[in-house]
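Hello,

Here is the structure I promised to pass along. Please have a look at it first, and then read my notes below.

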Amino acid sequence: MEEMKDIRQDFYVNMGPQHPSTHGVLRIVLRVEGERVISSETVLGYAHRGVEKMAESKTYVQMMPVMDRFDYVSSMLYEWAYVGAMERALGITPPERAEFIRVIMGELNRMASHFLWVGAFLLDLGAFTPFLWVFDARERILDMFEEVTGQRMTNNYFKIGGVHYDITPEFLKMVDDFLKMIYERMQDVEVLIESIIFLERVKDLGFITKEDVFNYGLTGPVARGSGVLVDTRKTEPYSVYEKINFEIPLGTKGDCYDRYRVRMQEILQSAKIVEQAVGMLPEGPYAEKAPKVVKLPEGEYYFAVESARGLLGVYLLSDGSTKPYRFKLRVPSFANLSIIDKLLPGNKISDVVAILGSVDIVVPEIDR
Amino acid sequence: MGVVSILENLNLEKVDKEYSKSGFCHAFLLKDKSEIREVAKRFKEDGYYLETIVGYDKGEGVRLVYIFNRMDKVHRTGIYIDVAYFEEVDTVSDIFSSGIWCESEVYDLLGNTFKGHPSLKRLLTPEGLQGYPLLKSWKEED
Amino acid sequence: MEFTGLLNTFLGKVILSVAGVMIVFTFNALIAVWLERKISGHIQLRLGPMEVGPHGLLQSAADGLKLICKEIITPQGVDKKLFAMAPYMVFFPSLLMFIVIPFSDKLQVQDLNIGLLYFFSISCIATIGIFMAGWASNNKYSLMGAVRSIAQSIAYEIPIILSILSIVILTQSLRLSEIVKAQSNMWFIVPQFVPFIIYLISAIAELNRTPFDIPEAESELVAGFHTEYSGMRFAIFFMAEYTNMFLVSAMATTLFLGGWNGPVLPPVVWFFIKTYAIVFVIIWVRWTFPRLRPDQLMNFCWKFLTPLALINLLVTTFILKLL
């Protein structure tokens with residue numbers, strides 16, 4: 001009887017820092033009573049590399065490859081933010097062809113990130129097959145990247161004034177083939193995923209209200225799933241997004257299912273954007289002349305892009321030298337993760353994976 | 001979006017900012033740092049959210065930049081406050097919940113504590129680390 | 001002539017039965033695992049094993065060899081006797097269940113007059129083995145996994161028994177050979193389609209397979225009851241699962257799909273075709289669906305399957321009484 005009482009009292013369960021699925025090195029300490037979570041505490045810092053301090057002793061150009069390593073799942077969007085901040089400071093505008101190439105690459109990155117998210121989310125829930133179906137699509141995107149930039153991930157493709165290499169006709173053909181198959185593939189994936197078992201696991205779980213969105217500074221699909229229209233491409237248009245027609249999918253209730261549907265539809269919207277951008281691609285140079293030695297004039301510079309997870313901001317404070325005085329990254333997963341400690345209590349242990357998965361975090365960008 | 005009208009009655013000094021050059025629409029230097037809570041409350045009422053808090057070592061102290069923004073249309077406003085090293089600042093974490101982790105990060109990297117913060121502790125750096133890495137005076141131990 | 005005389009002695013029959021059961025069991029262990037990997041591969045847009053043997057046919061043999069050669073690690077603090085005994089406790093009931101399966105009208109080890117009852121009673125003994133494994137592992141998570149697994153097994157026994165009771169009522173017998181003979185005109189799946197579905201779902205739950213594989217789920221916090229087992233002992237748990245899959249499908253064939261009845265081909269071949277068709281469906285279901293939460297699993301059993309099976313039983317008896 002003594003032992004029975006022991007089992008019923010609450011005890012601490014550690015989730016992580018090693019995970020079976022691709023969440024990264026994150027540790028959540030749960031206090032559970034039986035199956036129910038009473039409180040949770042997030043422990044960060046397992047992937048802290050001190051990049052912001054490191055940036056103060058490196059030149060602007062030396063920091064470029066490091067930007068890829070924050071979010072290895074969709075790296076070019078991070079390069080874009082950094083390069084955009086520097087271009088703002090130096091007053092350089094890239095040529096139109098470069099802007100369209102950037103849009104194409106950015107949207108392909110967004111799709112790659114969402115593919116990985118769908119696969120990992122379903123893997124957490126126990127369905128093994130969707131993971132492989134979407135990874136097939138992601139592999140095609142990575143092959144496209146390899147064609148143009150020479151690498152599959154962490155491409156180091158953007159530079160001040162444009163991009164490093166021009167896109168090849170082979171790349172355009174691959175994009176064409178990819179766009180032809182993606183709509184059908186996403187339909188198949190949807191039919192496979194949305195069984196009643198999945199819906200029961202994911203509906204009416206982890207509600208995020210509109211007040212939460214403003215309070216916690218949530219952006220990206222997490223905010224859009226609750227019905228708040230916040231997308232940097234529309235509120236703060238950069239590059240050539242104003243010339244392209246696309247919609248922002250919104251959810252209604254703010255549960256895990258809405259966030260999943262928002263991301264699924266964003267994949268299709270990104271495909272539309274890529275189609276339009278390829279159609280509007282002008283001829284011309286793919287990079288401006290940029291100074292050999294990059295010295296930003298004194299002052300603060302901020303550039304925000306819409307990454308796959310939300311608003312990504314790069315803050316650069318320059319004192320006129322070749323090295324930044326302060327480099328700060330405003331990372332969407334940082335704000336998005338802070339709501340977890342509010343969402344988890346009251347749910348069962350099996351729901352923790354579903355809720356955490358639906359928030360879509362990448363830990364190296366949180367920890368920097 | 002009457003940011004200027006919101007803030008005109010407070011003790012502020014306007015800093016010139018051009019959006020296309022710097023990414024900020026407005027920036028204000030708050031001379032009396034205890035008024036940061038007032039300012040944050042005004043922003044919250046007007047529908048802004050706290051994007052992030054940037055802190056940096058200015059040489060004679062620390063400058064904290066609170067970046068507020070809107071979700072419907074960009075209106076990025078920076079509020080600067082200057083504090084001394086390790087000085088305690090009023091928290092805004094009860095007004096904006098995003099401030100909880102942002103202020104923990106500032107404490108972790110620069111050493112400034114926040115009065116009224118629910119759980120101020122090191123967020124990113126390892127436990128047991130001595131010192132605050134982002135200060136210019138921080139020396140790496142070998 | 002002398003040989004068949006020898007075969008007819010009791011000892012001869014025993015040796016023949018043991019040999020037969022071991023052959024079927026080994027054959028199934030190799031083929032079922034290979035089937036699982038090939039089918040899952042093709043569902044997932046990939047090929048599955050292709051290297052070892054033509055189309056990976058020898059892959060299971062290679063895996064078995066590897067598992068045999070692995071070091072048997074007994075963690076500190078476990079209850080040594082229970083820990084060593086548990087895999088066999090889970091495994092031996094499966095072998096015992098082969099005794100009553102009618103592979104054909106002549107190939108049945110022992111045609112007990114309580115064959116059906118015997119089959120399902122013996123299968124419950126494996127639950128004790130699972131508890132032994134979880135308890136002896138001296139690991140909080142193994143124990144939780146074992147407890148969940150047992151709760152699931154016990155709960156899903158009820159719909160299984162209720163669904164096959166209607167078959168018993170139709171044939172008025174628990175003897176498996178008679179049940180198969182009664183289906184020579186029409187398979188029981190036709191009048192008893194609902195029990196067939198209930199039986200299949202409950203059987204997948206009994207096997208602890210997705211969508212009911214909470215006790216074994218790796219992406220949950222708790223690992224299964226067999227976490228602390230490695231090498232040959234793990235292999236025994238593994239083989240027990242695939243043997244049970246075969247046995248459950250064999251029972252479904254016997255009760256609902258007409259057993260060894262079928263034109264042209266020899267009865268044994270029909271039996272295996274039908275059994276492996278059910279095995280295919282079980283594997284197919286595993287790779288399609290995500291898993292249920294433990295409370296959803298229990299709710300589904302008690303609030304949906306059991307009442308449905310009871311209603312079906314009622315309707316069957318009613319109709320039989322009226323006819």
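Predicted model: local features only at pLDDT ≥ 70, side-chain atom pairs only at ≥ 80, totals over all residues.

Let me begin with the strands. In strand S1 of chain A, which covers residues 11-15, the side chains alternate between two faces. S1(A) runs antiparallel to strand S2 (residues 27-33) of chain A, and five bridges join the two. In one of these details, Val13(A) has Leu30(A) in S2(A) as its bridge partner.

Now to the salt bridges. Over all chains, the search of the whole structure gives 46 of them. One of these is between Arg326(A) and Glu52(A), at 3.2 Å from N to O. It links distant parts of the chain, with Arg326(A) in strand S8 (residues 326-330) and Glu52(A) in helix H2 (residues 51-55) of chain A, 274 residues apart. Both Arg326(A) and Glu52(A) are buried.

Another salt bridge, between Lys136(B) and Glu56(A), has an N to O distance of 3.0 Å. Lys136(B) lies in the segment after strand S7 (114-115) of chain B, and Glu56(A) in the loop between H2 and helix H3 (64-68) of chain A, so this pair joins two chains. Glu56(A) is buried, because its relative accessible area is 14%, whereas Lys136(B) counts as partly exposed at 36%.

Within chain B, the side chains of Arg37(B) and Asp94(B) meet at 2.9 Å, N to O. Arg37(B) sits in helix H3 (residues 36-45) of chain B and Asp94(B) in the loop between strand S6 (89-90) and helix H4 (98-110), 57 residues apart. Arg37(B) is partly exposed, with a relative accessible area of 22%, and Asp94(B) is exposed at 54%. Back in chain A, salt bridges with shared partners connect Glu107(A), Arg110(A), Arg224(A), Asp231(A), Arg233(A), Glu266(A) and Glu306(A) into one network.

Next, the surface. Asp143(A), Glu146(A), Glu147(A) and Glu170(A) form a negative patch. Helix H6 (residues 129-149) of chain A supplies the largest share of this patch, three residues. Glu147(A) is in that helix, and its relative accessibility of 32% makes it partly exposed. On chain C there is a nonpolar surface patch made of Phe10(C), Leu11(C), Val14(C), Ile15(C), Val18(C) and Met22(C), with about 610 Å² of accessible area together. Met22(C) belongs to helix H2 (residues 10-43) of chain C and is partly exposed at 37% relative accessibility.

Finally, the backbone. Most residues other than glycine have a negative phi. Ser239(A), though not a glycine, has a positive phi of about 55°. Its place is the loop between helix H11 (232-235) and helix H12 (256-279) of chain A, and at 26% relative accessibility Ser239(A) counts as partly exposed. Phe86(B) also has a positive phi, near 60°. This residue is in the loop between strand S5 (77-83) and S6 of chain B, and is partly exposed with a relative accessible area of 47%.

Best wishes

Definitions and conventions:
Residues numbered from 1 in each chain as written. Chains lettered and ligands numbered in written order. Heavy atoms only, no water. Buried < 20%, exposed > 50% of the residue type's maximum accessible area, 1.4 Å probe, protein only. Helix = DSSP H or I, 4+ residues; strand = E, 2+ residues; numbered from the N terminus. Pairing = 2+ DSSP bridges. Patch = residues over 30% accessible without salt bridge, like charges linked within 9 Å, V, L, I, M, F, W, Y side chains within 5 Å. Areas by Shrake-Rupley, 256 points an atom, 1.4 Å probe, with all protein chains shown as cover. Salt bridge = Lys/Arg side-chain N within 4 Å of Asp/Glu carboxyl O. Lys, Arg positive; Asp, Glu negative; His and termini not counted. Charge placed at Lys NZ, Arg CZ, Asp CG, Glu CD.
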